[in-house]
Amino acid sequence: MSPADMIARFGSPLYVYDEALLRDRCRRLINALPSHALLYAMKANSNAALLEVIRGEGLGIDAVSIGEVMLARKVGFAADRISYNGNNVTDNEMRAVLDLGVGVTVDSLSQLERYGRLFPGTDVGVRLNPDVGDGHHDHVITGGPDAKFGIDHEDMEGAHSIAKHHGLTICGLQQHIGSGILDVNTFIGAMEAMLTVADRFPELRFVDFGGGFGIGYQPDEDDFDVAAFGVQANPLLERFRAKEPDVTFRFEPGRWVVAPCGTLYVTVTSIKRGKRHTFVGTDSGFNHLLRPALYGSWHTIENVSRPDAPVEPVSVVGNVCESGDLFCRDRALPTPEEGDVLAIRDAGAYGWSMASCYNLRPRPAEVMLSPDGPRIIRERESTEDLTR
Ligand SMILES: Cc1ncc(COP(=O)(O)O)c(C=O)c1O
């Protein structure tokens, strides 16, 4: 079905996901890291239909909130296939997560202390800040001295003594250095540092290296090479496992799994030829895809209605009342006309999941392109929903 037909049937703007590609990416990950726990970071995209496919392919879940844990359980992920590492969470949230049978990984010494007082004598995971970070933007670098996450690697003795005081067993170590990492060696270096710390924890059952595998958003960028990564990571992990045979290794990729599977289709609503820029207005905006406004991210944009039109530099913008509401600035595109459909690619991760109803505009519908045709997997929000 063509994008125009899909928009005619399901409306605009519209998120569309490619099920076959999603399955293929899950399989490529499993092939690269066959003997490790691959826990999809559902913050990237938590649509239940995508989660069902991902579960069917054999991945587990990385969750960061009680809401994510509840949805993962509802979709059928077993509790022991879900990891949970929230940050700055309440006692009630930790209790609710444990009640669902899911283990908790704490993010700070004060949370460990609180956890110990509430649940003495139990198991707990600890998130480490390894003093290295990486990522496509400062906002997503989650390791190192400027990041709010984890317990500093130099404070690990503190974790030991709090655990001892409350009879806790530190059964897991976790880290996540950032998002959008393209260099395999950066990730391997962070794993080596983590394994050095892990040597000091004799009771570990899991070591979790987090997510962060990037994708090539720009035309000249390649995805994080998971096959090459596996070739380096697997022997490293086998050497550790030779000493500690009971340890499971975990990874938490989100973006890599889903980003290329999703496209946001938007419709052109106006063309404004200004003094400095030609603004192509659309019926969407940063309320539906925040990444360009928040991080200055590049998403490939195609004019699927008029691919052969003469090319000119245009700024594709949305209908949110803010000047930062841009999908791209002065980019060469086949000149759009009102009514044209534009495809914003690689929008499967941190697209709908970061969408809001800012300006009281409803969030788009979502459609899965399955082998037997397109099907709606989330109804479009309505203005009635928002004004109820
Ligand atoms: C703890 C944790 N794990 C995994 C991820 C997933 O990252 P990505 O989507 O870059 O793989 C994130 C993202 O922020 C995270 O905070």
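The model I am reading is a predicted one. I then turned to the contact, to which domain 1 gives 17 residues and domain 2 gives 13 residues. On the side of domain 1 that touches domain 2, I noted α11 (291-295), β17 (365-370) and β18 (373-378) as the elements that give two or more residues. I sorted the residues of that side of domain 1 into nine nonpolar, five polar and three charged.

**Helix α9.** I checked the length of helix α9 (residues 226-243) next. Its 18 residues should span 26 Å at 1.5 Å a residue, and the end C-alpha atoms lie 25 Å apart, so the two values agree. I also found a kink of about 25° in α9 at A233, shortly before the proline P235. A233 is itself one of the buried residues of α9, and I listed the others as V226, F229, G230 and L237. I looked for what these buried residues pack against and found α2 (19-32), α8 (184-198) and β10 (248-251). A general point I keep beside this entry is that an α-helix has 3.6 residues a turn, so residues three or four places apart point the same way.

**Ligand.** Last, I went to the ligand and its surroundings. I found 18 residues around the ligand, and of these A41, S179, G211, G254 and R255 come nearest. By type, I counted six nonpolar, eight polar and four charged residues in the shell around the ligand.

How values were computed: Residues are numbered from 1 along each chain as its sequence is written. This is a predicted model: local features need pLDDT of at least 70, side-chain atom pairs count only at pLDDT 80 or more; totals for chains, interfaces and linings use all residues. A residue is near a molecule or strand if its C-beta atom, placed from the backbone, lies within 6 Å of it. Ala, Val, Leu, Ile, Met, Phe, Trp, Tyr, Cys and Pro count as nonpolar, Asp, Glu, Lys and Arg as charged, and the others, Gly among them, as polar. Two residues are in contact if their C-beta atoms, placed from the backbone, lie within 7 Å. Helices (H or I, at least four residues) and strands (E, at least two) are DSSP runs, numbered from the N terminus. The expected span of a helix is 1.5 Å times one less than its number of residues. The bend at a residue is the angle between axes fitted to the seven residues ending there and the seven starting there. A residue is buried if 20 or more other C-beta atoms lie within 10 Å of its own, exposed if 12 or fewer, and partly exposed in between; C-beta atoms are placed from the backbone.
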